[in-house]
Amino acid sequence: MSSDHGRVINFGAGPSALPLSVLEEAQKGLLNFQGTGMGVAEISHRSKEFQAFLSDFEANIRTQLDVPPTHRILFTQGGGTAQFSAVVLNLLARYRLLRPDAAPADTVLDYVVTGSWSKKAADEARRLGGATVRTVVDARVYSKDGKSFDNVPPHAEFAFSADPALIYYCENETVDGVEFSHDPQSPAAFPFHLLPRDTLVPLVADYSSSFMCRPIPHLADHAVIYAGAQKNIGPAGLTILIVREDCIVDVDAAAKLGATPVPLILSYKTLADSGSLYNTPSVFAIYMAGLVLERMRQNGGLPYYEEVNRRKAKKVYAAIHEGEQKGVFRRKVQQGSESWMNAVFEVLGEGAEKKFLDGAEKRGMKGLKGHRSVGGIRVSLYNAITEEEVDKLIAYMTEFMAEATPEASA
C-alpha cells in the first residue's frame with residue numbers, strides 16, 4: 001500500500017484514478033476557491049470566479065486538442081449514456097431542417113458496432129424511432145467465436161450510407177478492450193477515407209474512454225465528439241462535447257417541420273447559447289477536470305501523455321503475450337485491435353482469476369476485475385496511472401506467471 005495517504009494503485013475503469021497532486025489541490029478548493037472564502041462546491045456557477053475558471057478550462061481543451069474555430073466546446077451532464085439520445089435527437093433535427101420532406105423510412109442512422117457501448121447506442125437510437133437504424137458493420141461477425149466483440153473489422157466490410165443523418169462509432173470500447181488504432185496505416189484505424197464525400201459528414205464519436213490520452217485523428221471532420229470525464233480527466237458528473245457549428249440547430253424549428261421534439265436540456269443550441277450554464281452544471285466535476293487539464297499542460301500536454309500511454313500499453317501487452325506463451329493468460333482481443341486504455345485478458349485455470357485478483361489486492365492494486373458482462377481481467381491505464389505503477393503490475397504478473405507455470409512448480 002502506498003505511503004501517500006494510504007492510497008492503493010487504482011486500475012479501475014471508471015470512476016478512475018486521479019493524480020494525487022490534483023486531489024490535494026482540490027482539497028484546498030473545497031475550503032476556499034480562489035480566495036473567495038467559499039468552497040468550490042458552494043460557490044455560484046454564475047459567479048465571475050467560476051465563469052473565468054470555466055472559460056480557462058474550455059481554452060485548455062481547445063489548445064491541447066487543437067479544436068478548430070468551426071467547433072464549439074460544451075459542458076453538460078448525463079454521461080455518454082445521455083448522449084446516446086442527444087446525438088440522435090439533435091442530428092435528426094438538423095437533417096429535418098436540411099431535408100424537410102424526408103420520411104422517417106428514408107432517414108438513415110449509420111452505426112458502427114464494435115463493442116458493448118456502440119451496441120447500446122444503436123439500441124437507444126432504435127428505441128427513439130424517427131429513422132431507420134442501420135448497422136454499418138458488426139464486429140461480432142468477425143470474432144473468433146462469432147459472438148464476441150474482439151476486433152475492429154476489415155475496412156472492406158464497412159459500407160456507409162450515401163446520405164445518413166449521422167454516422168456513429170465508439171473510438172474505445174471500455175468493456176471489451178477494443179479500440180480503433182490511431183496509426184492511419186493500421187488496418188484497425190477508423191476508415192475515414194470511406195466516408196461519404198461530403199464536407200459536412202455527420203460523424204459522431206464516443207471518446208469517453210480515451211479523451212485527452214492522445215490527439216484525436218481527423219478531429220475537424222467530426223460533427224460531434226463526446227466524452228464522459230470520469231475516465232481520464234475528472235470525477236463522474238461531467239460530459240464534454242465538441243460540436244461542429246452546423247450541428248447546433250434550432251430544434252424547435254425542426255419540430256415544427258415534424259422532427260421529434262428535443263428536451264431543452266439535451267439541445268446543443270441550448271447549451272451553446274447559455275455558455276453551458278442553462279442550468280447548474282457539475283461545478284465540482286468541472287473544477288477537478290480543470291485542475292487535471294492544467295496539470296497536463298504543465299507536463300507537456302498531449303505529446304507527453306501520448307508517449308507515456310504508448311509505453312504503458314506496450315508493457316502490459318508484452319506481459320500478456322508472455323503469459324500466453326506460458327499458458328497462464330489468454331488475450332481477449334485480436335492483435336492490432338487492442339485498447340491502449342483498457343487491456344483485457346483471462347487468467348487460465350480453475351480458481352486462477354480469483355487467485356490473481358487476491359494477490360494483486362494484497363500488493364496494493366485494485367480495480368482489476370473485468371466488467372460484469374464479460375468477466376476476466378481489465379487493466380485500465382488512464383493518464384493518472386504512472387509508468388512506475390504499471391511496472392509494479394508487470395512485476396506481479398511476472399511473479400504470478402512463474403508460480404503458475406508447470407515447469408516452475410515441478
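How exposed is Tyr278, in terms of relative accessible area? I looked this up in a model that is predicted.

**Entry 1: Tyr278.** I found a relative accessible area of 42% for Tyr278. Buried would need under 20% and exposed over 50%, so the residue is classed as partly exposed. I placed Tyr278 in the loop between helix H6 (268-273) and helix H7 (283-299).

**Entry 2: the patch.** Leu264, Ile265 and Tyr278 make a nonpolar surface patch of about 260 Å².

**Entry 3: the sheet.** I turned to the strands next. Three of them form an open sheet, ordered S11-S12-S14, with antiparallel pairing. Strand S11 (329-331) and strand S14 (377-380) are at the edges; each has a single partner strand, so one side of each lacks a neighbour in the sheet. I noted an average twist of 35° from one strand to the next.

**Entry 4: one pairing.** I followed the contact between S12 and S14 in more detail. Strand S12 (residues 342-347) pairs with S14 in the antiparallel sense, over four bridges. For Ala343, I found Val379 as the bridge partner in S14.

**Entry 5: helices on the sheet.** Which strands does helix H8 touch? I found that helix H8 (residues 301-325) packs on the sheet and touches S11 and S12. The direction of H8 makes about 120° with that of S11. Helix H9 (residues 352-362) also packs on the sheet, where I listed S11, S12 and S14 as the strands touched. For the direction of H9 I noted about 130° with that of S12.

Key
Residues are numbered from 1 along each chain as its sequence is written. This is a predicted model: local features need pLDDT of at least 70, side-chain atom pairs count only at pLDDT 80 or more; totals for chains, interfaces and linings use all residues. Side-chain values use heavy atoms; hydrogens and water are left out. Two strands pair if DSSP finds at least two bridges between them. Helices (H or I, at least four residues) and strands (E, at least two) are DSSP runs, numbered from the N terminus. Axes are lines fitted to C-alpha atoms, for helices over the stretch in contact, and angles run from 0 to 180 degrees between N-to-C directions. Contact means heavy atoms within 4.5 Å. Patches are made of residues with over 30% relative accessible area and no salt bridge: like charges are joined within 9 Å, nonpolar side chains (Val, Leu, Ile, Met, Phe, Trp, Tyr) within 5 Å. Accessible areas come from the Shrake-Rupley method with a 1.4 Å probe; for residues, only the protein chains shown count as cover. A salt bridge is a side-chain nitrogen of Lys or Arg within 4 Å of a carboxyl oxygen of Asp or Glu. Buried means under 20% relative accessible area, exposed over 50%, partly exposed in between (1.4 Å probe, protein chains only).
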